[in-house]
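This report concerns a strand pairing, an aromatic cluster and the confidence of the model. Please consult the sequence and the structure shown here.

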Amino acid sequence: GARVVDVPRGNISQSRNMGAVAASGEVLVFADADMVLSCHFTEKAADALDAGAVMAHCGISFYDSSVWNMVLHFPALMTQKGHSAGCIAITAEAFSLLGGYDESCNMVANGDCFEDRELGMRAIRTFGVESIHVLPILVGASARRFKRFGLLDGAGDLQQEIGAAKD
């Protein structure tokens with residue numbers, strides 16, 4: 001079952017790592033606080049991991065803003081592997097091999113590093129792009145992240161990582 005771990009505020013990566021240490025299962029699920037996961041998320045993620053993926057993440061988000069839903073609908077359909085839409089499932093073994101979240105990647109402090117994206121890029125480099133599965137399910141989210149950080153922040157870094165992983 002799910003468990004909430006009380007952690008100090010201020011470093012999302014550190015908080016998620018503390019949650020992983022407290023976890024006892026073979027699969028870890030991390031979701032942003034503003035996400036509403038589909039009732040099918042855990043089933044579809046478990047299926048992907050059982051089929052050999054080391055990480056599964058949501059691909060399409062439905063935002064709390066009709067304007068952002070129109071702007072983001074097409075780009076969301078092209079979600080790249082490793083670019084989480086705010087929720088991931090990863091095997092505990094893969095998470096451990098990756099060393100968990102990089103705690104220097106702290107969006108709260110500096111706003112220029114997205115912890116799920118950074119973990120996804122390391123997973124691609126370590127396990128290969130085919131080890132990541134994008135789930136074809138909707139999740140609900142707040143559009144606040146796009147209002148604050150912009151639509152394409154960091155997209156170039158992700159494209160470069162995926163291109164390098166395919167070479």
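In β3, which residue is the bridge partner of V27? The partner is T91. The model is predicted, so local features need pLDDT of at least 70 and side-chain atom pairs pLDDT 80 or more, while totals for chains, interfaces and linings use all residues. Residues are numbered from 1 along each chain as its sequence is written, and side-chain values use heavy atoms, without hydrogens and water.

Strands β1 (residues 27-31) and β3 (residues 87-91) run antiparallel and are joined by five bridges; pairing requires at least two bridges found by DSSP. Strands are DSSP runs of E with at least two residues, and helices are runs of H or I with at least four, numbered from the N terminus. Buried denotes under 20% relative accessible area (1.4 Å probe, protein chains only).

F30 also belongs to a cluster with F95 and Y101, linked by ring pairs. Rings of Phe, Tyr and Trp (its six-membered ring) pair if their centres lie within 6.5 Å; planes under 30 degrees apart are stacked, over 60 edge-to-face, and the rest tilted. The structure holds three aromatic pairs. One of them, F95 and Y101, is edge-to-face, at 5.6 Å centre to centre and 65° between the planes. Both residues are buried.

| Residue | Relative accessible area |
|---|---|
| F95 | 6% |
| Y101 | 2% |

Mean pLDDT (the predictor's confidence in each residue, from 0 to 100) is 75 for the chain. Confidence is highest in helix α4 (residues 92-97), at a mean of 97, and lowest in helix α8 (residues 155-166), at 41.

Conventions
Buried < 20%, exposed > 50% of the residue type's maximum accessible area, 1.4 Å probe, protein only.
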